[in-house]
Amino acid sequence: MRLLWLGLFAWLSISHDAAARAKAPDKGSRGFVTRNGHEFSLNGKIFRVAGVNNHYLTYGSPVEVTRVLDDAVAMKANVVRIFVSPIIGSTDGSVANVFNWNSNADSSNLGVNGVYMASFNPKTQAMEINEGANGLQRLDFVVKEASKRKLRLIVAFVDYWAYTGGSRQISAWYGNKGDDRFFAEDARARADYKRLVQAIVTRRNSLSNVVYRDDPTIFAWELANEPDIQPFSVFNGWVAEMAAFVKSLDHRHLLASGQSSLQYKMAELRLPQVDFGTWHGYASYQKISAEQFADQITQYCAYAVSYGKPVILEEFGVPRSDPDRPQIYRNWMARIAADDRCAGWLVWRLVSRQDSNEYPQDDHDQFDIHNDGSPVWLALQDSAGLMTMAQTRRKFVRQQEDRGQP
């Protein structure tokens, strides 16, 4: 794997001058990202994803939000993935929260600072969307600041898990206590989900005055973060219904299910409304070696050709306790850059200095990435740059092929 990285980097460096003569992608372009077979496209040019995940951008302070986005730029990322959260019980406290909404922890550790996107109104027995300064205006800020930095956003409409409420909170409004199928099958939960989706997709940003469905800052919508609903028939039916609903509101943006895909192997890509596939993989949790995970990357990239749609490794990480962490990242991302079937990657997770001016410490997963000049940070910077070079190389090669040149 080390030889793969070194060889690929050397080859790309040698060909960089020739590739640069073919006009490089316009980083200032604000067209919509589309798909062309198993590749993403921006204004007729190949677009490959080198990105990051962050879980607290919709409820962190303005300073914390801009720090993350600035660090994403410093890492040479082009896409940031976020979730629309939190969702709570009720504002009067009569409907319980499924998470600690009043936590005094920092943002990275799920202290949500009184922010919520939706709640349940016991008087009307219905969902209420929070359009205020401690609600969807927080999302407005993220989108506007990302646009300033020429970053694209993947926006998951809801988190399937209960860390900040998510779909589990919506299910709890109706008495469910964690059944994986309830959110997908209950008519009330499905109706609430659609109301939330419609409120977001058709929202006019209070800061930019741009309606979300008309904003190319948004790379794509995702139905949820990891809606790993079982069995497959229930999952597939829910995705089919909700994907069709999203597309009825917005036909310009790309759409993915957001599932982790380790079980269903992207079978939802058969649905015409689903534009690309996502998978989430963690070798340390899967109990496989770094080399086996690299082989898994190749396997999932092959699905792109099978389905004729792009596939991205949307979440992955190596714990900091692994002494080979920097080289493992380099090897995995070199594998993606070298394989034209792979549309990109987003590492889990970029976190920046909190309002305390300290980096949060993740002692559980140990996957956090910091802009700290460490070997891991440099590996990610280099790898993001490598994806851009590979993107330019691929465009150059295609031009030569179109001209009938070797």
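Is the link of Cys 301 and Cys 342 right-handed or left-handed, and what is the angle about the S-S bond? I began my notebook with this question, and I keep in mind throughout that I am reading a predicted model.

**Entry 1: the disulfide**

I searched the whole structure for disulfides, and the search gave 1. I found that Cys 301 and Cys 342 form this link, with their sulfur atoms 1.9 Å apart. My opening question is answered by the angle of 115° about the S-S bond, and the link is right-handed. I then looked up where the two cysteines sit, and noted that the pair joins distant parts of the chain, 41 residues apart. Cys 301 belongs to helix H9, which covers residues 290-307, while Cys 342 lies in the loop between helix H10 (325-338) and strand S13 (344-347). I reminded myself that a disulfide is a covalent bond between the sulfur atoms of two cysteines.

**Entry 2**

I followed the strands and wrote down an open sheet of 8 strands, in the order S10-S9-S8-S5-S4-S13-S12-S11, with parallel pairing. Which strands stand at the edges? They are strand S10 (254-256) and strand S11 (277-281), and each has a single partner strand, so one side of each is left without a neighbour in the sheet. I also noted the twist, which averages 25° from one strand to the next.

**Entry 3: the whole chain**

Finally I stepped back to the protein chain, whose secondary structure comes to 11 helices and 13 strands. I noted that 58% of its 406 residues are buried. Among the contacts with a separation of 6 or more, I recorded that 72% are between residues 24 or more positions apart. The chain exposes about 15,900 Å², and carbon and sulfur atoms supply 50% of this area.

Key. Residues are numbered from 1 along each chain as its sequence is written. This is a predicted model: local features need pLDDT of at least 70, side-chain atom pairs count only at pLDDT 80 or more; totals for chains, interfaces and linings use all residues. Side-chain values use heavy atoms; hydrogens and water are left out. A disulfide is a pair of cysteine sulfur atoms within 2.5 Å. Helices (H or I, at least four residues) and strands (E, at least two) are DSSP runs, numbered from the N terminus. Two strands pair if DSSP finds at least two bridges between them. Axes are lines fitted to C-alpha atoms, for helices over the stretch in contact, and angles run from 0 to 180 degrees between N-to-C directions. Buried means under 20% relative accessible area, exposed over 50%, partly exposed in between (1.4 Å probe, protein chains only). Contact means heavy atoms within 4.5 Å. Accessible areas come from the Shrake-Rupley method with a 1.4 Å probe; for residues, only the protein chains shown count as cover.
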